[in-house]
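Hi everyone, thanks for making time this morning. I'd like to walk you through a model I've been looking at, so let's bring it up on the screen.

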Amino acid sequence: MFESAFLKKNIRMNILIAWYIFVDMNIIYLLKKIIDGSPNKQISIRVYGDSMLPSIRSGDVVAVKKVKIYTENDIIVFEYGTEGLLVHRIVKIVGERFFCKGDNAYRVEVIHYNDIIGRVVEIKS
């Protein structure tokens, strides 16, 4: 009896996790389509977390715009594996690779141009 209830709960949990990942991937796809559709298009995203303190606080809204060239020190929004969207700073560019890091974080993420949604052009508290 316990084993059956445990299995049912785990199956429901895995389906729920898969559904969230599916929704996240669809949102990322839609954001890319919206922002890629027009060179002057901006989107606004509410940010949660403390990895960009003190520059960006949890609850701030960032305006994001797609640009052709990204440079070191730009704050960007990008897709990072199964974590979804991250808002971090470009700390180094080597060839086709962008090294990004939160101002208040230790980890460095290595991404490519196609992972980038856009540059943060405005921060609203």
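This is a predicted model: local features need pLDDT of at least 70, side-chain atom pairs count only at pLDDT 80 or more; totals for chains, interfaces and linings use all residues.

The chain has one helix and seven strands, and from the N terminus on the order is α-β-β-β-β-β-β-β. There are 125 residues, and 30% of them count as buried. If you take the contacts with a separation of 6 or more, 49% are between residues 24 or more positions apart.

Now, let's go to D74. You'll find it in the loop between β2, residues 61-65, and β3, residues 75-79. So is D74 buried or exposed? Its relative accessibility is 12%, and because the cut-off for buried is under 20%, D74 counts as buried.

What does the side chain of D74 meet there? One of its polar atoms lies 2.9 Å from the backbone nitrogen of T71. The D74 side chain also makes a polar contact of 3.1 Å with the side chain of R119. Setting aside neighbours within four places in sequence, the residues in contact with D74 are I69, H88, R89, I90 and R119.

The chain exposes about 8,500 Å², with 59% of that supplied by carbon and sulfur atoms. Which residues make the nonpolar surface patch of about 200 Å²? They are three valines: V91, V108 and V110. V91 lies in strand β4, residues 85-94, and is partly exposed, at 41% relative accessible area.

That's my tour, and I'm happy to take questions.

Definitions and conventions. Residues are numbered from 1 along each chain as its sequence is written. Side-chain values use heavy atoms; hydrogens and water are left out. Helices (H or I, at least four residues) and strands (E, at least two) are DSSP runs, numbered from the N terminus. Buried means under 20% relative accessible area, exposed over 50%, partly exposed in between (1.4 Å probe, protein chains only). Contact means heavy atoms within 4.5 Å. Accessible areas come from the Shrake-Rupley method with a 1.4 Å probe; for residues, only the protein chains shown count as cover. Patches are made of residues with over 30% relative accessible area and no salt bridge: like charges are joined within 9 Å, nonpolar side chains (Val, Leu, Ile, Met, Phe, Trp, Tyr) within 5 Å. A salt bridge is a side-chain nitrogen of Lys or Arg within 4 Å of a carboxyl oxygen of Asp or Glu. A polar contact is a pair of N or O atoms within 3.5 Å; within protein, one must be able to donate a hydrogen and the other to accept it, and residues adjacent in sequence count only if both atoms are side-chain atoms.
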